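Please consult the sequence and the structure while reading.

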2 protein chains.
Amino acid sequence: MKTLAQVGEDELVRLITAGLKTDAGVLLGPGDDCAVVRGPTKSESLVLKTDTIVEGVHFTPDTAPHLIGRKAIARVLSDFAAMAAIPRHALVTLIAPPATPVKRILGLYQGMSRLADEFAVRIVGGETSSGQQLILTVSMSGTVPNKQWVTRSQARAGDLLFVTGRLGGSIRGKHLKFHPLVKEAQCLVKHLKLTAMMDLSDGLAKDLPRLAARSGVGYELVAEDIPVNRGCTVQQALNDGEDYELLFTASPRTTAAQLQKCMQAYPNLQLKCIGKLLPLKKQRQSLLGGWDHFKK
Amino acid sequence: MKTLAQVGEDELVRLITAGLKTDAGVLLGPGDDCAVVRGPTKSESLVLKTDTIVEGVHFTPDTAPHLIGRKAIARVLSDFAAMAAIPRHALVTLIAPPATPVKRILGLYQGMSRLADEFAVRIVGGETSSGQQLILTVSMSGTVPNKQWVTRSQARAGDLLFVTGRLGGSIRGKHLKFHPLVKEAQCLVKHLKLTAMMDLSDGLAKDLPRLAARSGVGYELVAEDIPVNRGCTVQQALNDGEDYELLFTASPRTTAAQLQKCMQAYPNLQLKCIGKLLPLKKQRQSLLGGWDHFKK
C-alpha cells in the first residue's frame, strides 16, 4: 500500500481531485492558485482560497509569533495576487497544544490582523481546536471582475515568461517578511496582456513545470537571466522555494514601455523576462527539484 | 504566563477577536455559527464558515476514513443550518503524516464528496501539508437572502426554547453519522418566527449559556423535557456534546400547528420545547459543563 511520501504532493492532489464533481457555477476548480465560483451578479465572481502553515514545516518553534501570523495571511494574499483578484474576508482556524501560552497566540493574531488591515481584509471568524502542533489555517474570500482573473492554464507557445523580484534563499528571512503583490498584480493586468500567472511557493523548478503542464505547453528557461538573490546560486533560485514572487506569461508583443509603467507605479517592483514558452513537443529542458510536502 | 488550558476556549476566543477590525461590509462577525458579509447584490449576502477535525480529538486512529471525511463536511453543514443559510462551495485543507497510506486519504475524500454532493456543495479546491496528526479543515461559503439569517443574538425574554432530535451519547456513533439539518432549518424559518438559533456541538450545558449571553437574556430549562437519547441520563444529554442538533428560540405565540408543518414536511424531524428565556436578572439556573477544547 503506497504512502503519501511515495506518491508525492502533485500525484496526491491529482488523485483526490479526480473524483470531485463540478457544475456550471464552478468557474475555476482545483489546480490553480484560487478557486473562482459564480457570484450573485454578472459583473463579479467570487474567489476562494485556503492555506495552512504548520509548526516544524513552515516555521520553527522559535519563530516570533507575529511573524507566524503575518506569514499565514501573506501566503493567501499572494495566491489572490496570482489570480489578479481582490481579497476581502478571512476565517482563521487555530490548532494549538493546550500548554501554549496565551500570549503566544495573541501574538499570532496581532501579526495576522496587522497585515490583513494593510490590505483591507477583515478577519470575520474562525475556529479553535487543541492539537499536538501549532497550525494556522486561513481561508479567504474575495472578488474579481468577471473573466478578468488570470489562471495557470491559458499560456500559449511563444509567450514570454516573466518573474517578479529575486529568487532563492528565502529561508534567511524573506519567507516570513515578503510583501504580497496584490496591488502590483492589478497593475500588471491593467498594462500587460497576461496569459497565465501563479505565485512561486515551491520553487521555480517545481512551479514552472506546473504552469506549463496546466497550459499544455513547453518552456525554455534562460538560466543566466533568472534574478538571483544576493549570496544565492541559480540552483538555490530554482529549488529553495517560498519566494512568493509572481511567475507570469505575457504576449510576445509585450513592450519595455508596458513593463516600465508598472515599475514606475511600484518602484520596488522588479520585472524580468526569464525565457519563453514553446510548443510541447519542442521542450528540451527538464527541471527537477523544488519542494514537495510529502516526499523528503 | 497563562496557558490555553488555564483560560479555556471561550475566553481565548474573546481575547483573539477583541482586536479585530470590522467595517460596514461585515454584517455578522466572530461569535456566531457563521460569518455573514455583504454580497455583491442587495438581495443576498455571503455566508462563510471554517471548521477543523483533529485525530485524537474529533476522531480516533481507527475511525473509518469515509466517516472522518463525512464528519468534516457535516459539521460545517450543521453551522450553515444554524444560520438558515444555503451552503454552496467548499475548500479542504489536509494535513497528514507522510507515512499515511494514500488509500486512507482517498477514503477521507470519498466521505467528504459523498455528503457534499448530497447537499449540492462543490469542493472547489484546497491545500495539503505534512504534519504529525491527521487534520481536515473545511471552509465553506454559501448564501442567505438578506436579513433572513438567524443569529445567536436576537433571542428575547419570553421566547420559547426548542431543540431538535434527542441529546446525549453521541460518541456511540452519532458524532460520525448525524444528518445536518440544512433543509429542516429552511422549513423552520419559513413556518416559525425564529429569534435565535445555533447548532449544539459542545453540549446543551455549554451552548445554551452561550446563546443566552449573546442575546443578553437568562434562561429556564425544564430538565425533564429535554429529549434524551436511549440509554442516556439527563446529565449526558447536557454535557456529552457533538449532538449537532439545532437549539432555537421562537416567539411565545408559536403554535403546535406551526411545529406540525415542519414535522410533516420532515418526518424524521423532532421538535421539543425545553424551556423559555427570561430577563437576565431573573436567571436562577447555572449550567456548568459541556466540552472545552483546551481545558481538560
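## The contact between the chains

In this predicted model, 73 residues of chain A and 74 residues of chain B take part in the contact. The size of an interface is often given as the accessible area lost when the parts come together. For chain A and chain B, the buried area is about 5900 Å², with 68% of it on carbon and sulfur atoms.

## Polar links and contributing elements

There are 6 salt bridges across the interface of chain A and chain B. A salt bridge joins the side chains of A:Lys49 and B:Glu127, with an N to O distance of 3.2 Å.

Several elements of chain A each supply at least two residues to the side that touches chain B, among them helix 1 (4-18), helix 3 (102-118) and strand 3 (44-54). Strand 5 of chain A gives the largest share of that side, 9 residues. By residue type, the side of chain A that touches chain B consists of 36 nonpolar, 24 polar and 13 charged residues.

## A sheet in chain A

Strands of a sheet pair through backbone hydrogen bonds, either parallel or antiparallel. Chain A contains an open sheet of 5 strands in the order 8-10-7-11-9, with antiparallel pairing. Its edges are strand 8 (194-199) and strand 9 (218-221), each of which pairs on one side only. From one strand to the next, the twist averages 30 degrees.

A:Phe162 lies opposite A:Cys273, a residue of strand 11 of chain A.

Key: Residues numbered from 1 in each chain as written. Chains lettered and ligands numbered in written order. Predicted model: local features only at pLDDT ≥ 70, side-chain atom pairs only at ≥ 80, totals over all residues. Heavy atoms only, no water. Pairing = 2+ DSSP bridges. Helix = DSSP H or I, 4+ residues; strand = E, 2+ residues; numbered from the N terminus. Axes fitted to C-alpha atoms, helices over the stretch in contact; angles between N-to-C directions. Contact = heavy atoms within 4.5 Å. Buried area = accessible area lost by both parts, 1.4 Å probe. Salt bridge = Lys/Arg side-chain N within 4 Å of Asp/Glu carboxyl O. Nonpolar A, V, L, I, M, F, W, Y, C, P; charged D, E, K, R; others polar.
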